[in-house]
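User: I have a model open and would like to talk through some of its local details. Could you take me through them?

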Amino acid sequence: MLPVVVVHGGAGHIPKERAEKSMEGVCSAVRAGYAVLKRGGSSMDAVVEAVTQLENNPAFNAGCGSVLNVKGEVEMDAIVMDGKTLGSGAVSAVRNIANPVCLARLVMDKTSHTCLTAEGASKFARSMGVAEVPMESLITEYARMRWRKNLAADAKPVECQMGKMGTVGAVAVDSEGNVACATSTGGMLNKMEGRVGDTPCIGSGGYADNQMGAVSTTGHGEAIMKVTLARLILFHMEQGHSPEAASDLGLAYMKSRVEALGGVVTVDPQGHWAARFSSKQMSWAAAQKDMLHYGLYGGEHFTQSIDEPL
């Protein structure tokens with residue numbers, strides 16, 4: 001069963017013309033994460049590699065391609081968590097960093113803190129030799145177009161969120177049975193300056209514990225935080241539920257309690273995994289036993305050899 005890595009490219013509604021790029025992106029990212037595990041790398045190495053690939057892909061709302069806040073600027077959040085030690089690192093509201101997930105890992109590895117924000121995170125990045133990039137290099141024409149559209153007086157926020165490529169994330173189990181998670185996002189379209197969602201919050205945007213498993217979430221951040229979705233799913237796994245059943249229970253509770261939709265990728269230390277969502281779509285991919293698994297709509301589950309092109 002081991003090793004295994006599962007990634008998601010965000011829950012929501014993905015326009016037809018962008019769906020193919022989303023599927024190619026998650027499959028490429030999961031291959032990169034799986035290659036790390038096959039070389040004997042840790043689950044943490046694998047999830048960071050997979051999420052870095054997604055941050056570098058302008059098709060997703062993370063890193064390059066992030067949605068813009070009300071001022072037309074990028075503010076990104078990310079988290080990593082190590083199931084062996086419960087070590088975690090996160091950053092929020094970072095602006096000039098190409099790969100917030102790598103900075104989150106540095107917070108975990110190099111500080112005694114769990115989360116650094118805004119200018120404090122930027123100062124830390126500089127002290128670690130992380131290159132700063134111009135904010136413009138992270139902004140796509142698609143993100144700019146949707147920002148402008150949502151500023152219009154007659155804009156309908158629900159419609160404007162349609163076509164939003166969501167938060168990205170990954171979970172993995174390495175050959176030693178250690179689990180890890182990583183999640184990264186540009187946040188909500190036209191959010192208030194300084195808004196921080198679920199992604200960098202332990203137990204909401206992600207959680208990893210070798211005694212239970214690992215989860216990375218996607219969806220409406222405020223709703224996810226209200227039910228601490230990642231930790232809630234692992235609570236159900238503690239009670240003996242499978243990753244799939246636990247994921248469905250957590251998503252169903254969020255829908256009934258706060259009327260919100262979302263999605264998750266989940267693994268347990270034995271290598272059982274799930275990619276589940278209550279939204280219309282969620283691009284996801286998994287790699288296990290040299291097989292690639294992927295899907296976009298509910299009930300979809302395609303498989304092929306990991307080496308075979310899509």
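Analyst: What follows covers a sheet and its helices, an annotated residue, one further helix and some backbone angles. This is a predicted model, in which local features need pLDDT of at least 70 and side-chain atom pairs count only at pLDDT 80 or more, while totals for chains, interfaces and linings use all residues. Residues are numbered from 1 along each chain as its sequence is written, and side-chain values use heavy atoms, with hydrogens and water left out.

User: OK, the open sheet of four strands: what's the order?

Analyst: The order is β7-β8-β9-β10, with antiparallel pairing; helices (H or I, at least four residues) and strands (E, at least two) are DSSP runs, numbered from the N terminus, and two strands pair if DSSP finds at least two bridges between them. At the edges are β7 (206-209) and β10 (273-277), each of which pairs on one side only. Direction ignored, neighbouring strands of this sheet are turned by 10° against each other on average.

User: And how many bridges join β8 to β9?

Analyst: Six bridges join β8 (residues 213-219) to β9 (residues 262-267), and these two strands run antiparallel. Ser216 stands opposite Val265 in β9.

User: Which strands does α8 touch when it packs on that sheet?

Analyst: Helix α8 (residues 229-238) touches β7, β8 and β9, and its direction makes about 140° with that of β8. Helix α9 also packs on the sheet, touching β9 and β10, with its direction at about 25° to that of β10. Contact here means heavy atoms within 4.5 Å, and the axes are lines fitted to C-alpha atoms, for helices over the stretch in contact, with angles running from 0 to 180 degrees between N-to-C directions.

User: Switching topic, which residue does the "active site" annotation cover?

Analyst: The UniProt annotation, from an unreviewed entry, covers Thr167; UniProt positions are given in the numbering used here, feature names are shortened, and annotations may be inferred rather than shown by experiment. Thr167 sits in the loop between α6 (157-161) and β5 (168-173) and counts as buried, at 6% relative accessibility.

User: What does Thr167 touch?

Analyst: Not counting residues up to four places away in sequence, the contacts of Thr167 include His8, Gly9, Gly10, Asn61, Thr183 and Thr217.

User: What about α5, which of its residues are buried?

Analyst: In α5 (residues 141-151) the buried residues are Ala143, Arg144, Arg146, Trp147 and Asn150. They cover an arc of only 165° around the axis, which puts them on the same side of α5, where the arc is that of the directions from the helix axis to the C-beta atoms. On the other side of α5, Glu141 and Lys149 are exposed.

User: Last topic, the backbone: which peptide bond is cis?

Analyst: The bond from Leu2 to Pro3 is cis, with omega near -5°, and Pro3 lies in the segment before β1 (4-12). Most peptide bonds are trans, and most residues other than glycine have a negative phi.

User: Where does Lys289, with its positive phi, lie?

Analyst: Lys289, whose phi is about 50°, lies in the loop between β11 (281-288) and β12 (291-297), and this residue is exposed, with a relative accessible area of 59%. Ala118 has a positive phi as well, near 45°, but lies in helix α4 (residues 118-127) and is partly exposed, at 31% relative accessible area.

Conventions
Buried means under 20% relative accessible area, exposed over 50%, partly exposed in between (1.4 Å probe, protein chains only).
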